[in-house]
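Hi everyone, thanks for coming. Please have a look at the structure on the screen, and then I'll walk you through a few parts of it.

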Amino acid sequence: MEIALTNTLTRRKERFEPADPSRVTMYVCGPTVYSYAHIGNARPPVVFDVLFRLLRLTYGEGAVIYARNYTDIDDKIIAAAAKSGEPIEAITRKFERIYEEDTGALGVLAPNLTPRATAHVGDMIALIEQLLAKGAAYKAETGVYFSVAADADYGKLSGRSQDELKAGARVEGEDDKRHPSDFALWKTAKPGEPSWEASFGAGRPGWHIECSAMIEKELGSPIDIHGGGIDLIFPHHENEIAQSELARVWMHNGFLTMDREKMSKSIGNIITPRELLEQGWQGETIRWALLSAHYRAPLDWSDDLLRQAQASLDRLYGAVLRLKDVAAADVEAPQAFLEALADDLNTPAAIAELSALVTAANTAKKPADQAKAKGELLAAAQLLGVLNDDPERWFRATFGERAAEIDALVAERVAARAAKNYAESDRLRDELAARGVEVMDGPSGSTWRRKG
Ligand SMILES: [Zn+2]
């Protein structure tokens with residue numbers, strides 16, 4: 001299957017051709033582990049998880065190597081440790097675990113590699129030494145800086161000119177750099193802060209050098225795909241490119257907004273996956289909502305979006321529940337569905353195909369057609385990372401506290417039918433219908449789902 005991806009570097013949708021189809025490499029910038037990730041931070045791991053699944057289907061499970069890092073040394077982490085009095089490592093390990101739990105709840109597969117910045121400081125020092133040796137960087141009092149003036153290509157990813165860059169933002173404590181856009185590769189050690197010895201002076205690494213060093217060490221550059229959120233294009237990825245020619249395809253997902261405003265910790269309009277799970281939303285519902293827009297488009301987050309996502313998943317689970325006594329055929333996801341995903345990860349089109357599969361599953365009459373429809377539905381859902389739940393448990397979970405009542409009514413109705421009390425059984429069916437529940441009687445007993 002031919003995959004096309006939009007490359008931020010060339011600003012075109014291009015046919016994807018890995019340098020070595022038996023070793024496809026992908027790196028996505030991971031979290032800075034000092035607090036809970038918000039729902040906007042959850043978009044890249046979910047989006048690139050779908051790409052990971054598609055690449056594994058296309059090139060083979062063992063042929064794709066996906067790395068996602070942990071930034072475990074950074075100003076914000078040092079500030080969080082100073083505030084709470086906990087050691088830095090206690091904070092970073094705790095939030096790594098929380099990040100893995102939260103992304104796991106959203107059905108995100110574990111990447112093959114999850115390198116930590118602090119385990120690669122030696123590699124970063126070596127890379128900085130190379131940059132100093134070739135005159136691309138210089139040493140100042142406050143640190144070692146990359147010199148954008150020495151790089152004629154600087155700005156090529158974000159499309160910014162050298163003139164625009166001259167107006168770059170001032171960074172506190174970096175008064176001795178030569179150009180406002182020069183960025184810190186290394187920050188000179190300060191009392192009370194963690195530091196590492198280096199030939200150019202003790203200190204700690206800047207953020208951008210991390211990913212370059214880890215990509216080189218863990219995957220070998222240039223890699224096939226480098227991904228992240230759109231806010232990373234500048235300066236993070238622009239700076240990564242300046243340091244080393246890292247990747248052939250650069251992919252960026254759009255912003256998540258809340259009431260049309262960019263979601264960010266500094267504005268305070270954030271919600272975390274953890275809070276949504278605690279409110280009773282299912283992980284798959286959150287995942288579906290994140291995939292409901294094309295990854296490059298902005299997505300406006302709301303409870304309405306979540307309700308629509310749950311209704312769509314109800315339809316999927318309802319179809320599987322209806323066919324619960326049918327063994328799924330061992331088939332692949334249909335071509336139209338795969339083509340939608342292969343076309344620059346067009347998840348809205350893939351979701352529309354999935355909806356057509358639900359209709360096919362609901363209307364299939366012959367056992368062979370039912371088995372095929374169920375098999376295709378499950379295979380396609382697997383690529384989007386949904387339908388991993390047991391359908392009965394799904395409806396119980398999404399009905400929350402009301403599920404136990406519904407179970408009791410369904411059991412009463414089963415008893416009434418067994419006693420051939422059809423008037424009572426019909427009354428109970430109507431009562432369940434009034435609660436938005438449809439009962440389905442099959443050879444293996446009675447089940448229920450939310451009415452469509
Ligand atoms: Zn990065």
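Helices here are DSSP runs of H or I with at least four residues, strands are runs of E with at least two, and both are numbered from the N terminus.

A word on the source: this is a predicted model, where local features need pLDDT of at least 70, side-chain atom pairs count only at pLDDT 80 or more, and totals for chains, interfaces and linings use all residues. Residues are numbered from 1 along each chain as its sequence is written, and side-chain values use heavy atoms, with hydrogens and water left out.

Back to H15 itself, residues 402-418. Its 17 residues reach 25 Å from the first C-alpha to the last, close to the 24 Å expected at 1.5 Å a residue; that expected span is 1.5 Å times one less than the number of residues.

Which residues of H15 are buried? They are Ala403, Ile406, Leu409, Val410, Arg413 and Ala416. They cover an arc of only 140° around the axis, which puts them on the same side of H15. The arc is taken from the directions from the helix axis to the C-beta atoms. On the other side, Ala404 and Ala418 are exposed. Buried means under 20% relative accessible area, exposed over 50%, and partly exposed in between, with a 1.4 Å probe and protein chains only.

The cover over the buried residues of H15 includes helices H14 and H16 and strands S14 and S15; contact means heavy atoms within 4.5 Å. Those two strands run antiparallel, joined by 6 bridges, and form a hairpin with 2 residues between them. Strands pair if DSSP finds at least two bridges between them.

Now, the metal. What coordinates the zinc ion? Cys29 (SG), Cys211 (SG), His236 (NE2) and Glu240 (OE) do, at 2.1 to 2.4 Å. Cys211 lies in helix H6 and Glu240 in helix H7, so the pair ties together parts that are 29 residues apart in sequence. Donors are N, O and S atoms within 2.8 Å of the metal (3.2 Å for Na, K and Ca), and since water is not among the atoms, sites may look incomplete.

Finally, Cys211: at 0% relative accessibility, this residue counts as buried. Among the residues Cys211 touches are Tyr27 and Asn69, leaving aside residues up to four places away in sequence. Thanks, and I'm happy to take questions!
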